[in-house]
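Let us learn to read a structure together, one feature at a time. Have a look at the model below, and then we will talk it through.

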There are 2 protein chains.
Amino acid sequence: MKLEGRSFIGYTRGKGSDAIPGAGRNPRTGEFLEPSCIAATPEEVESACAMAASAFPVFSSLPGRERALFLRRIASNIESLADEIDARMTMETGLPAGRAQGERGRTCAQLRMFADVIDESSWVDARIDTAQPDRKPLPKPDLRSMWRPLGPVAVFCAGNFPLAFSVAGGDTASALAAGNPVIVNAHIAHPGVAELVGGAVAGAARDCGMPEGVFSLVYGNGFATGQALVRHPSIRAVGFTGSQRGGRALMEIAASRPVPIPVYAEMSSVNPVIILPGAAGERGDAIAEALHGAINLGAGQFCTAPGLILAPGDSALIAALTRRCVETPAAVMLNEGIARAYAAGVERLRTHPEVQTLAEGAEDTSIFAPARAALFATTSAALLADPVLQAEVFGPCALIVRYDALDELTAILTTLAGQLTVTVQAAEADLGTVQGLMEQLAQLAGRVIVNGVPTGVEVCDGMVHGGPFPATSDGRTTSVGPRSILRFCREVCYQNVPDALLPAVLRQEN
Amino acid sequence: MKLEGRSFIGYTRGKGSDAIPGAGRNPRTGEFLEPSCIAATPEEVESACAMAASAFPVFSSLPGRERALFLRRIASNIESLADEIDARMTMETGLPAGRAQGERGRTCAQLRMFADVIDESSWVDARIDTAQPDRKPLPKPDLRSMWRPLGPVAVFCAGNFPLAFSVAGGDTASALAAGNPVIVNAHIAHPGVAELVGGAVAGAARDCGMPEGVFSLVYGNGFATGQALVRHPSIRAVGFTGSQRGGRALMEIAASRPVPIPVYAEMSSVNPVIILPGAAGERGDAIAEALHGAINLGAGQFCTAPGLILAPGDSALIAALTRRCVETPAAVMLNEGIARAYAAGVERLRTHPEVQTLAEGAEDTSIFAPARAALFATTSAALLADPVLQAEVFGPCALIVRYDALDELTAILTTLAGQLTVTVQAAEADLGTVQGLMEQLAQLAGRVIVNGVPTGVEVCDGMVHGGPFPATSDGRTTSVGPRSILRFCREVCYQNVPDALLPAVLRQEN
């Protein structure tokens, strides 16, 4: 597929405004990647929203199995562009080819998972109360309810997941599965991947006879385009993965609209790992190895990377982690902006009066957007005193909090902001301690892990990828797994509606 | 039970500040009702919040059947105060004794419904993915997830439902059932009923050995107390029924907190009723009779009262409704404030240049807070041109919108704000028209009714009482029926957590 760098506005390509070009850039070399991409004009955004609104009643009324065909077609279209996508992603993100391959597989698997979900209709949770016309003192009407889609959804691509949480990623797949048109705001750091996948989705929509407007993809003019999307009256919900500042800005726009809409923003998490004394003593080195791997996986650019490690102050594990950090080679970050933000975050810790620098990894000045691994330490008293020590540093960096007595943990857990995950490393002798902490752990995070690392988000029914603010904007739900489809739905009840006029799944025959 | 007019702060009674007294008032006579009630001090609000936060981990970890006993005890305590409650409610609200009896029954039934829901654990929607340690390339961890409670909930009593949506009403019952402590903000118009029911809840909590702080009830100092509650960091969700202005104010406070929280506000709805030509011709008089009943039920003080009626411009039904309106006796409204707001709303329609006054009912100057039924008419062009004609007038008033051609309906449905309900009156000959409108109807409201009236909200599984903004703040959910328990919950996942440390419902034995 030849890249043009232009938006998809329904089934046509945007002309855009030549005044506002942008381009992907290889974070390993700094090389600009052709073609430039061109921001959608306000008129094109308007047109995408108007088409999405028109497509909605048609698309939302289709039988689930027809939308399932569309989702499966997206997956196979992506697969048919596999080599191009993998190559472009590797260039645009500096991630290894294996990662592109893996993430592509995950993306297609997610699309097919939602296709399976909507192939049959149990997901709509139909509830049927039949009439009791003779009930005294009042007759009972026939009442039937189900989940129905919200309306057009704006999806913001994630910088760190060019495939699985971007154009055809989890938010898009779940929103489309439920029956919502989607308008994607491309991420400026991987416009080529966005265009390839956008072409796969638009092509699938056309080939499957979907109403025009069911999918659009816009390149943005800075933040203005995305904000215009969130403000647009036709948009009924927002999916976002990114910084806390960006997410909070969208939440505020959404909340101050004449008609407020829900925002599902995944923002920031330091994914605390609590190492209890028994575990530190029994298998400190193994834990250090696993943690080191999790901290540095993908240059630490995962929302579930462990950034805060609570460890017994005297444990050998701290030295073991320090040793590994020193030996860590420099990594390529996703883009220049992220590399700068990482360097600033590391500097903030390095210069903090209550923080000790334990180690820094190798440098490599030949990399355009480099990250040097870093490991810091502080005390629980310092952590309790200064919220800035809780802030996420996105990249291969962790802060160890030394604790002396177990009762410090309760105070720390009370002080921590909401998280995607919280992990406990516990030996047999620690289980009583864990028991005492369990309710606090469950209140803190969307996922509580024992004896593991937080990285690795399995796509399955039991998964919850979410968590209290500021980990996400709405900690009630999950953005991974089949249940995430319900985020883009609302409950609708039909009272005494004649059978022929009901949605098929609520009819008598079902 | 002797009334004291003081808050319940856990298991003690508030002292309050004598500087800020308030009192119930009989809306029929204007008589002030003893005793005065005394606003909680900021320290008492703080204490209630602190106790709720402490009670939360204990209360949320109790087996469902223990919380079920608590809910059932609340119901039986309310029943043992039946005569006092009914008499006080009749005095404080001007509602007939039969209404008090009915609403009390509904309140106790709701409490018992939620007790039944949590007696067994299927409501938590446990999802269990067992480990596959040998899976290639990576082992799959054990993942188990379920709905867990959010934390302390602030519930605002509804002016128009002193029992079923107040101290021990739907929001409180569902929040407690899920495992959340509740702090109720009493409604200034029925403080005595609040105190009687508050005593029933506090007594049940103590008798059932619930942790102190699981329930508090505060009398407010104007809006300040409620706003302080919503701002308090221990509060994790809000339930509110009332005006759009009040609900939106709470939404804004909740959204601008350092940690935003969800608000479930039920605010305003005109519950449009569309009368199609066939139905108007076949049974116009029967429809007029049913609508007249629904408009005037409880002096029109139901959130589901039909306030906007779309009728063929030439239908005899309009005259039939007009005739009935003229014959309607004056009604007692809930309180002076509501009567004033109603009079202002009626005046707004009466003086609108595009509105014709069809009829007003009888006056009765002997009533302290009176309502005179009123019926107005306008054109679809006028409705489309002026959003003020869509605004709810809370009370026994309706605006008829005359339409000439069916295609005006689509334009009107596109223009209307979100609603709790939308109703279509259709004869056999109209069903094709209804079919064409079905998707628009479902997008507009939480409940779509054919050939009925919107009043009457059945408490059952199939019910959805909710709807797009501004009908509610969060149109994704229902506030009536067993599913409403999920509004006060979030999904939590447990990964590789040893069986003994899991919540009981996720353990292997289940």
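Q: Which strands form the open sheet, and in what order?

A: Strands in a sheet pair through backbone hydrogen bonds, either parallel or antiparallel. Here, 10 strands make an open sheet with mixed pairing, in the order S5(A)-S6(A)-S21(A)-S20(B)-S19(B)-S12(B)-S13(B)-S18(B)-S17(B)-S15(B). Two strands pair if DSSP finds at least two bridges between them. Strands (E, at least two residues) and helices (H or I, at least four) are DSSP runs, numbered from the N terminus.

Q: Which strands stand at the edges?

A: Strand S5 (127-129) of chain A and strand S15 (356-360) of chain B do; each has a single partner strand, so one side of each is left without a neighbour in the sheet. On average, neighbouring strands of this sheet are turned by 20° against each other, direction ignored. Axes are lines fitted to C-alpha atoms, for helices over the stretch in contact, and angles run from 0 to 180 degrees between N-to-C directions.

Q: Before we go on, how should I treat the numbering and the model?

A: Residues are numbered from 1 along each chain as its sequence is written, while chains are lettered from A and ligands numbered from 1 in the order in which they are written. This is a predicted model: local features need pLDDT of at least 70, side-chain atom pairs count only at pLDDT 80 or more, and totals for chains, interfaces and linings use all residues.

Q: What does pLDDT say about chain A?

A: pLDDT is the predictor's confidence in each residue, from 0 to 100. Chain A averages 96, and 100% of the residues score at least 70. For the complex, the predictor gives an ipTM of 0.97 and a pTM of 0.97.

Q: In which sense do S17 and S18 of chain B pair?

A: Strands S17 (residues 374-379) and S18 (residues 397-403) of chain B pair in the parallel sense over 6 bridges. In S18(B), Ala398(B) is the bridge partner of Leu375(B).

Q: How many residues are in contact between chain B and chain A?

A: Two residues are in contact if their C-beta atoms, placed from the backbone, lie within 7 Å. By that rule, 53 residues of chain B are in contact with 53 residues of chain A. S21(B) gives the most to the side of chain B that touches chain A, with 7 residues.

Q: Where does S21(B) find a partner in chain A?

A: Strand S20 (residues 445-450) of chain A and S21(B) pair in the parallel sense over 3 bridges. There, Val448(A) stands opposite Tyr494(B).
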